[in-house]
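The following questions and answers concern a single protein chain.

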Amino acid sequence: MTEKYDLIVIGAGPAGYVAAIHAAQSGLKTACIDRTVGKDDKPAPGGTCLNVGCIPSKALLDSTKHFSHLQHDYAEHGIVAENISMNVSTMLARKDKIVSQLTGGITQLFKANKVSFYHGTGELTANNMVNVEIVGGESVQLQADNILLASGSSAIEIPSIKFDGEYIIDNIGALEISEVPAKLGVIGAGVIGLELGSVWGRLGSEVTILEALPEFLPAADKDIARLAAREFKKQKLEIRLNTLVKSAQVIDGEVVVVIENKAGEEQLSFDRLLVAVGRRAYTDGLLAADSGVTLTERGQIEVDDNCLTSATNVYAVGDAVRGPMLAHKASEEGIAVVNRIAGKYAHLDFNTIPWVIYTDPEIAWVGKTEQQLKEQGVDYKSGSFPFAANGRALAGGSPAGMVKLLADATTDELLGAHIVGANASELIAECVVTMEFHGSSEDLAMIVHAHPTLSEAVHEAALNVQKKAIHRAN
Ligand code: FAD
Ligand code: NAD
């Protein structure tokens with residue numbers, strides 16, 4: 001018998017599970033299908049983000065940040081710690097516990113919100129029918145008025161450099177290394193390369209990041225990227241720009257990599273090689289030939305501005321479609337689609353989606369960079385403030401970095417905010433709020449910020465846009 005729903009969601013990553021819960025809360029009879037099996041053999045909804053992405057990477061980043069601070073920074077506080085060491089298996093077990101706690105939490109949330117969860121692989125066929133191959137055996141058939149595809153993404157493999165899960169690894173492998181590799185090579189100085197490179201670098205790996213482009217972090221504001229690069233250099237993360245990786249081969253337990261740069265060809269060897277050159281939309285097994293859903297040339301599910309695919313009442317969101325591959329973008333896109341299905345207003349402004357890179361210091365931004373404003377011919381003014389002049393940053397031992405704000409020269413509307421520094425991930429939120437409300441730098445400057453806090457640096461940067469900062473020359 002075919003079970004009927006108002007909405008079937010395929011994929012329970014941050015796009016799918018959030019949409020499914022929101023749909024059930026909105027009164028829609030909702031099913032969600034996901035096939036991920038956790039390390040405990042239980043269903044593990046939560047997608048890349050909870051299982052092999054945002055959360056486990058942040059668990060390892062936090063563990064190794066504590067370790068690194070204890071090694072390098074706490075002596076000046078008077079903290080004496082000798083013979084410090086890291087038990088890698090304890091660190092990994094802690095990460096796994098957090099992951100299973102959160103994925104188990106989603107299973108509970110599905111129950112609490114009356115979302116019917118199917119642990120299996122869903123395939124969309126014609127007329128909004130979905131065949132579900134349940135993990136461990138039987139198949140069921142479902143049908144719905146609306147379908148939401150949220151099948152996510154997977155790591156891009158360089159054709160000549162195949163993942164082997166041990167020596168040549170993707171994000172999944174890099175979250176599971178059981179012994180600190182003496183030498184870790186990373187292809188790609190993007191978000192994953194920097195975050196996971198930092199994790200193993202802090203534990204003592206000699207990390208070399210090989211980046212094809214001539215510019216470091218081209219998506220970030222240039223001033224922020226420059227400051228961040230300086231901090232990473234101090235941490236001995238070696239980032240080689242303009243470097244093409246020609247081949248990688250495992251020889252006698254080492255990964256031998258041939259690179260090409262201005263100086264010619266060079267051979268490097270590593271104990272592990274992390275390939276982090278971007279992610280691709282994942283649609284394997286998702287769409288039957290008669291589903292009516294088309295893909296773009298890049299393999300993403302083709303959608304319009306409202307996330308509607310080429311098939312009637314079939315939507316797609318998250319990493320599987322265009323736009324930034326971020327968990328919060330995925331979730332908000334899913335919510336917007338559900339609201340549209342429920343007949344409510346829904347809009348997602350891509351310009352106010354914040355980006356965060358969880359290195360130390362953290363990097364966060366929202367809106368336009370200075371180079372984008374220049375390219376677009378927008379007349380702007382800017383203000384900045386260094387954390388070195390912020391009392392709380394000095395008291396806490398994190399003086400590195402700055403806040404930079406960009407505002408329209410005529411209207412003063414905040415157009416971009418760029419932060420490199422401690423807690424940038426949290427500090428960016430008030431800039432996002434300001435931009436969502438089309439607020440000005442003056443609005444930010446007029447808001448009372450608690451003292452002493454890192455957020456005073458945002459306040460001072462806003463005052464600096466007005467050339468009225470108190471604790472720096474304007
Ligand atoms: P996914 O999370 O990939 O979920 C898709 C789910 O659908 C998966 O469980 C998959 O198994 C399932 N699925 C696919 N096809 C089928 C099918 N046919 N049937 C059943 N199930 C199916 N983003 C941030 O915003 N912040 C971060 O800090 C961050 N850190 C990251 C760190 C790493 C190492 C990585 C790899 C990514 C990180 N991301 C981060 C990106 C973030 O994980 C993704 O943007 C987000 O997970 C996308 O959500 P999604 O729901 O679209 O897809
Ligand atoms: P990325 O797009 O961030 O970076 C990939 C880098 O690899 C780029 O700098 C690119 O120029 C470089 N590159 C591509 N091909 C190359 C080659 N052949 N040789 C050398 N360099 C090459 O991709 P990623 O780091 O794999 O991360 C994928 C996505 O996952 C990110 O774009 C982001 O959306 C998401 N993510 C987000 C977070 C976060 O929000 N904190 C963390 C991790 C991942």
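**Backbone, domains and cores in a predicted model**

Q: Where does Asp41 lie, and what is its phi?
A: Asp41 lies in the loop between β2 and α2 (47-52). Most residues other than glycine have a negative phi. Asp41 has a positive value, and its phi is near 70°.

Q: Is Asp412 buried or exposed?
A: Asp412 also has a positive phi, near 70°. Its place is the loop between β20 (402-408) and β21 (414-421). The limit for a buried residue is under 20% relative accessible area. Because its relative accessible area is 7%, Asp412 is buried.

Q: Which residue just after α1 takes a positive phi, and how many residues of α1 are buried?
A: The residue is Gly27, with a phi of about 90°. Helix α1 spans residues 16-25 and is mostly covered. Tyr17, Ile21 and His22 are among its buried residues.

Q: What covers the buried residues of α1?
A: The cover includes strands as well as helices. The strands include β1 (3-10), β2 (30-34) and β5 (139-149). The helices include α4 and α8 (327-341).

Q: Which peptide bond that ends at Pro361 is cis, and where is Pro361 found?
A: Most peptide bonds are trans. The bond from Asp360 to Pro361 is cis, with omega near 5°. Pro361 is found in the loop between β17 (355-357) and β18.

Q: What is the omega of the cis peptide bond from His451 to Pro452?
A: Pro452 is placed in the loop between α12 (441-446) and α13 (455-465). The bond that joins His451 to Pro452 is cis, and its omega is near -10°.

Q: Which residues have the most contacts inside the largest nonpolar core, and which element gives the most to this core?
A: The largest nonpolar core has 36 residues, and those with the most contacts inside it are Trp200, Phe216, Leu217 and Ile363. Elements that each supply at least two residues of this core include α3 (54-72), α6 (191-202), β9 (206-210) and β18 (362-367). The element that gives the most, with 5 residues, is α7.

Q: Which residues are in contact with Phe216, leaving aside its neighbours within four places in sequence?
A: Phe216 belongs to the group with the most contacts inside the largest nonpolar core. With those neighbours left aside, its contacts are Ala189, Leu194, Ala225, Ala228, Ala229, Phe232, Ile239 and Leu241.

Q: How many residues has the other core, which lies apart?
A: Phe387, Met435, Ala445 and Val465 are among its members. This other core lies apart from the largest one, and it has 29 residues.

Q: What area is buried between domain 2 and domain 3?
A: The domain assignment gives domain 2 as 168-277 and domain 3 as 354-465. Their C-alpha centres lie 29 Å apart, and 18 residues of domain 2 are in contact with 20 residues of domain 3. Carbon and sulfur atoms give 67% of the buried area, which is about 1,500 Å².

Q: Which residues of domain 2 lose the most area to domain 3?
A: Together these residues account for 33% of what the domain 2 side buries. They are Glu195, Asp221 and Ile224.

Q: How far apart are the closest N and O atoms of the salt bridge between Lys404 and Asp221?
A: Across the interface of domain 2 and domain 3 there are 2 salt bridges and 7 residue pairs in polar contact. In the salt bridge of Lys404 with Asp221, the closest N and O atoms are 2.8 Å apart.

Q: Is Thr243 buried or exposed, and which backbone oxygen lies 2.8 Å from a polar atom of its side chain?
A: Thr243 is found in the loop between β10 (238-240) and β11 (244-251). Because its relative accessibility is 2%, Thr243 counts as buried. Its contacts beyond four places in sequence include Leu210, Glu211 and Ile259. The backbone oxygen at 2.8 Å from a polar side-chain atom of Thr243 is that of Leu241.

Methods. Residues are numbered from 1 along each chain as its sequence is written. Chains are lettered from A and ligands numbered from 1 in the order in which they are written. This is a predicted model: local features need pLDDT of at least 70, side-chain atom pairs count only at pLDDT 80 or more; totals for chains, interfaces and linings use all residues. Side-chain values use heavy atoms; hydrogens and water are left out. A nonpolar core is a set of buried Ala, Val, Leu, Ile, Met, Phe, Trp, Tyr and Cys residues joined through side-chain atoms within 4.5 Å. Buried means under 20% relative accessible area, exposed over 50%, partly exposed in between (1.4 Å probe, protein chains only). Helices (H or I, at least four residues) and strands (E, at least two) are DSSP runs, numbered from the N terminus. Contact means heavy atoms within 4.5 Å. Domain bounds come from an automatic or database domain assignment. Buried area is the accessible area (1.4 Å probe) that two parts lose on being put together, summed over both. A salt bridge is a side-chain nitrogen of Lys or Arg within 4 Å of a carboxyl oxygen of Asp or Glu. A polar contact is a pair of N or O atoms within 3.5 Å; within protein, one must be able to donate a hydrogen and the other to accept it, and residues adjacent in sequence count only if both atoms are side-chain atoms.
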